[in-house]
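Subject: Structure for you to look at

Hello,

Here is the structure I said I would pass on. Please open it alongside this email.

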Amino acid sequence: QVQVTESGGGLVQAGGSLTLSCAASGRFSSLNGMRWYRQAPGNERELVASISREGFTTYSDSVKGRFTISRDNANNTVTLRMSSLNPEDTGVYFCRVTNDWYRDFWGQGTQVTVSS
């Protein structure tokens, strides 16, 4: 199995920046897709950004141009760099990774709070 741990969450003022990291550990040779989700209170969990094994990235319309996702295959990590944050970005951010057996694993989440 794969263990997934997010870090980097915190409180930031509107207009500020924050960087989230996700580290995967366990028995695997390599990871396939890596994705970041977020969930605000009362809302469904939504896909924020995705990066494929080859490095192809996709973003939701609400974060496009402000967020950047990247991965480090040597260290089995994925990073989400967020800028120009607004209160609508507030929520718990979750990392999902897919191993080389195409099974999905989720982290526990990290809280991001943007004050206005």
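Below are notes on a sheet, a loop residue and a group of rings.

Please keep in mind that this is a predicted model.

The sheet

Four strands make up an open sheet, in the order β1-β3-β8-β7, and their pairing is antiparallel. The edge positions are taken by β1 (2-7) and β7 (67-72); each has a single partner strand, so one side of each is left without a neighbour in the sheet. From one strand to the next, the twist averages 15°.

The loop residue S17

S17 is in the loop between β2 (10-13) and β3.

Leaving out residues up to four places away in sequence, S17 touches V12, M82, S83, S84 and L85. By contrast, E54 is 37 residues from S17 along the chain, and the C-alpha atoms of the two are separated by 27 Å.

The structure has one aromatic pair. The partners are Y37 and W106, with 4.8 Å centre to centre and 50° between the planes, which makes the pair tilted. Y37 belongs to strand β4 (residues 31-39) and W106 to strand β10 (residues 104-106), so the pair ties together parts that are 69 residues apart in sequence.

The two partners can also be described by their accessibility. Y37 has a relative accessibility of 12% and therefore counts as buried. W106, with a relative accessible area of 37%, is partly exposed.

W106 also has a charged group over its ring: the charged end of R45 sits there, 4.9 Å from the ring centre. R45 lies over the face of F94 as well, at 3.7 Å from the centre of that ring.

Regards

How values were computed: Residues are numbered from 1 along each chain as its sequence is written. This is a predicted model: local features need pLDDT of at least 70, side-chain atom pairs count only at pLDDT 80 or more; totals for chains, interfaces and linings use all residues. Side-chain values use heavy atoms; hydrogens and water are left out. Two strands pair if DSSP finds at least two bridges between them. Helices (H or I, at least four residues) and strands (E, at least two) are DSSP runs, numbered from the N terminus. Axes are lines fitted to C-alpha atoms, for helices over the stretch in contact, and angles run from 0 to 180 degrees between N-to-C directions. Contact means heavy atoms within 4.5 Å. Rings of Phe, Tyr and Trp (its six-membered ring) pair if their centres lie within 6.5 Å; planes under 30 degrees apart count as stacked, over 60 as edge-to-face and the rest as tilted. Buried means under 20% relative accessible area, exposed over 50%, partly exposed in between (1.4 Å probe, protein chains only). A charge sits over a ring if NZ of Lys or CZ of Arg is within 6 Å of the ring centre and within 35 degrees of the ring normal.
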